[in-house]
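Here is a report on one predicted model.

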Amino acid sequence: MAVQYLAANRFGLGRRFDDPAIGDPKAWLIRQLGDYDPAPAALAGLAGRAAIATAYVEYREDRQAMRRAATETPMSEEEKGMDPELRRLSRSAIRRHYVEASAARLAAAIATPTPFPERLVHFWANHFAVSADKQTVIGFVGHYENEAIRPNIMGKFADLLIAAVKHPAMLLYLDQAQSFGPDSPVATRMRNRGNRQSPGLNENLAREILELHTLGVRTGYTQADVTAFAKALTGLTVAGLGRGAGQRLMPADAEPGATVFIAPLHEPGAQTVLSRRYDAAGAAQAEAILRDLAVHPATASHIATKLARHFTADDPPAALVDRLTADFVKSGGDLTSLYRALIASPEPWVAAPTMFKSPWDWTVSMLRALKVPALGEKQNVAAMFTQLGQPVWRPGSPAGYDDKVATWAGSAGLMQRVELASRIAGRIGDRVDARQLAPLVLADALTPQTAEAIARADSPGQGIAMLFASPIFLRR
Amino acid sequence: MMLSRRSIILSGITVAAAGALPGFAYAAAATPKRLVFIIQRGAADGLATVAPTGDPAFAAARRAMADETAGGAKLDAMFTLHPAMATTAGLYTGKQAHFAHAVATAYRDRSHFDGQNMLEGGGSRPYGRSDGWVGRLLTLLPAAERDAIAIAPAVPLALRGTVQVGTYAPSRLPQADSDLIARLSALYADDPLLHPLWDSAVKTQELAGDIGGNNGRNGADLGKLAASLMLPADGARVMMVETGGWDTHSGQRGRLNAQLRGLDQLVGALQTGLGPAWSDLLVIVATEFGRTVEVNGTGGTDHGTASTAMLLGGGLTEGGKVSADWPGLAPAARLDGRDLKPTRSLESVIAAAVARHYALDPKRVMTTLYPDT
């Protein structure tokens, strides 16, 4: 079997042109678990929470001002002309964080000497998906991956879960920031004042944690569990963004974009989730539930299945899923232990590369292989992945991108890849010899047919395009 | 994609200037000769383009498709031009069009890929040469007539050689050139996942980028572009224009009608756009091989051997004529019992036309363009 290729592409992100030989594939992967750097240089200099939150608030205020101006006073011709331009500019202020973070994500993936953990970062960011569809979320998505996901992928699943849930991107994306305990002091006070539009509970985050992040869909939890969990989560919100009742209660020293717990928004009293009673008051209540969910056997099986699928096939072998589940349960959700069990398992190594690389995986592996810059200075990375069919951090649903062959193996998508490979090959021309690159990149998966097709290419550029469009290179 | 500085100039500033001052451009050009090679990728059906309606076996072989050419211009007692080619019919009447029938390259198998390689490279076997016949022709031309450009994302084999050649790809042309597409088709042929995906991707691509699309207007646009690149005083003198979509295995009647209308409008736009320079132009239209005499079960025709080549231009000496050593379409007269038998080499047709056009020694042209024959 093509173990070298599998190590580099199924586990890693494709071989870099200057990578030393992998040698023993399993030892190579294990070593990366220790070498992993959660804050690689490529990500330095990205905007922090406060800057991101402030950019959003400015954007919203600009928009409000324009709306008010439009309704209250008739616009002059000049103002009418300015409106879309102003709007565009403010939009670009919040989008800039997204565009910069997307480019940095790609740069980090291309440069990383630990491609297996880097793949795991992408895996977990997609598992705990937030989507840049919401204006409030756009600026935060990169920060979310870098601050909530990256530092926690080698520890306990519970810590990763809690970090993801508490990040402003998740709180805003799944509406937690606007969820109020129905009998919280604030809601009660507003009701007593006769405020008919008093804020209430939003179950979105609680439901998705149960369905997508931990137990998995149809694993036996009930609507009562969802409601109780949602009540326990109340009080958790984001500073400096929201409007209305909550904002007056923000601690004075809270920076914009900080995750805060506001006790007067929290639903008082004990909650019962999955037949267990949680008496703790305040923020500790939700945290206790999250910690229990994180080690639940259903969570173990859910995570094991997704991880096994990512490293084998659409329908992962039951033996692998069972082994990973058992490891997860035994270790209390220790992720490094889980990765070791995965590496040591025979199943990811026995089959030919059958998974179809996502546009992200394919592009990253292509760019890693090339020693010369393949993208133009002004290339908008975010736009490139949108064109390839996988916008960065924008899966459009809290379920994240589906992880199956059929998700990415489409005819238009295939043509898009060939066109990109062709364009990149055109830029590179004869500065790279595909005949020499092919054995390095395709390693033990290089077939005589592909080698011959590349060798018979009518130009060095065409050879490069053939290599990256070859059936093997499209897979992992 | 190779985009030389020269082709950028051609595509931008100079074209704009020429558009503004066409008279100046005509006056400045000291009537140098011009050549356009239009390649029909995919094996165009010569038997439908220039139909041998006078052959007694034609109607029986083509069955329901025999009247595909009904209403087309009668070229002589034997041949009828496809009705979609009205402009070309007019050129024929004015002795500015010539059709060479039952012609083929030395290639006798039926792979597009190999066949195109032979047609462009001009070698005696597929992949026998890394340069092309147009590229070698450039070495025979005076410096003023040597500026060559391909309307393609990359320099096609036919234009490759020792002389630097530009390319110009309008954005609506696909980025992935048809040669790469063909090679990937071969590479994906045995892949159960990629083969059908790619098939469907390529079909969509052809629809988007073909000359036959948009009721022939795509062809007219391409012709207009070609003329604008050739018209300026310092414009291109030799050009290759890529056309695809000729592989009519099914539904030939409608598809070929659209393709030929597109080709006809391409030629018309070239003539209109070049103005007086049309009389200095030779257009060669050729395909890698022809299609079967018999219609297949899906209203189309399959890969064959001999086909038709077209010579067009204002200064054509052999215009208003169909040349053919006609082999006949009866089953016994066919190649392998299925194809129109080639009775003349396409290479010799091209070499002779080029030699006449540039007033070059025919022997020297033949050995330069086709050194392996």
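In which loop of chain B is Lys95(B) found? Lys95(B) sits in the loop between α5 (86-93) and β4 (97-104) of chain B. Helices (H or I, at least four residues) and strands (E, at least two) are DSSP runs, numbered from the N terminus. Phi of Lys95(B) is near 60 degrees, a positive value in a residue other than glycine. Lys95(B) has 14 other C-beta atoms within 10 Å, so it is partly exposed. The burial classes count other C-beta atoms within 10 Å of a residue's own, placed from the backbone: buried at 20 or more, exposed at 12 or fewer, partly exposed in between.

Leu274(A) lies in the loop between β3 (271-273) and β4 (276-278) of chain A. Its phi is near 50 degrees, again positive in a residue other than glycine. Leu274(A) is partly exposed, with 18 other C-beta atoms within 10 Å.

## Conventions

This is a predicted model: local features need pLDDT of at least 70, side-chain atom pairs count only at pLDDT 80 or more, and totals for chains, interfaces and linings use all residues. Residues are numbered from 1 along each chain as its sequence is written, while chains are lettered from A and ligands numbered from 1 in the order in which they are written.

## Chain A overall

Chain A has 25 helices and four strands. Of its 476 residues, 50% count as buried. Take the contacts between residues at least 6 apart in sequence: 75% join residues at least 24 apart. Two residues are in contact if their C-beta atoms, placed from the backbone, lie within 7 Å.

Helix α5 (residues 115-127) of chain A has 13 residues. From first C-alpha to last it reaches 18 Å, close to the 18 Å expected at 1.5 Å a residue. The expected span is 1.5 Å times one less than the number of residues. Of the 13 residues, 12 are buried, so α5(A) is largely enclosed by the rest of the structure. Among them are Phe116(A), Arg119(A) and Trp124(A).

Phe11(A) lies in helix α1 (residues 3-11) of chain A. It counts as buried, with 26 C-beta neighbours inside 10 Å. Leaving aside neighbours within four places in sequence, Phe11(A) contacts Leu6(A), Leu29(A), Phe116(A), Arg119(A) and Phe311(A). The C-alpha atoms of Phe11(A) and Pro117(A) are separated by 8.7 Å, though 106 residues apart along the chain.

## Leu338 in chain A

Leu338(A) belongs to helix α17 (residues 335-344) of chain A. It is buried, with 21 other C-beta atoms within 10 Å. Not counting residues up to four places away in sequence, it touches Leu307(A), Leu324(A), Asp327(A) and Phe328(A).

## A helix pair in chain B

The axes of α10 (residues 217-230) and α11 (residues 252-274) of chain B come within 7 Å and cross at roughly 30 degrees. That makes α10(B) roughly parallel to α11(B); the cut-off for this is under 35 degrees. Axes are lines fitted to C-alpha atoms over the stretch in contact, and angles run from 0 to 180 degrees between N-to-C directions.

Residues of α10(B) that meet α11(B) include Leu222(B), Ala226(B) and Met230(B). On the α11(B) side, Leu263(B), Leu266(B) and Leu270(B) are among the partners. How enclosed is α10(B)? 11 of its 14 residues are buried, so it is largely enclosed by the rest of the structure.

Terms used: Parallel < 35°, antiparallel > 145°, perpendicular 65-115°, else oblique.
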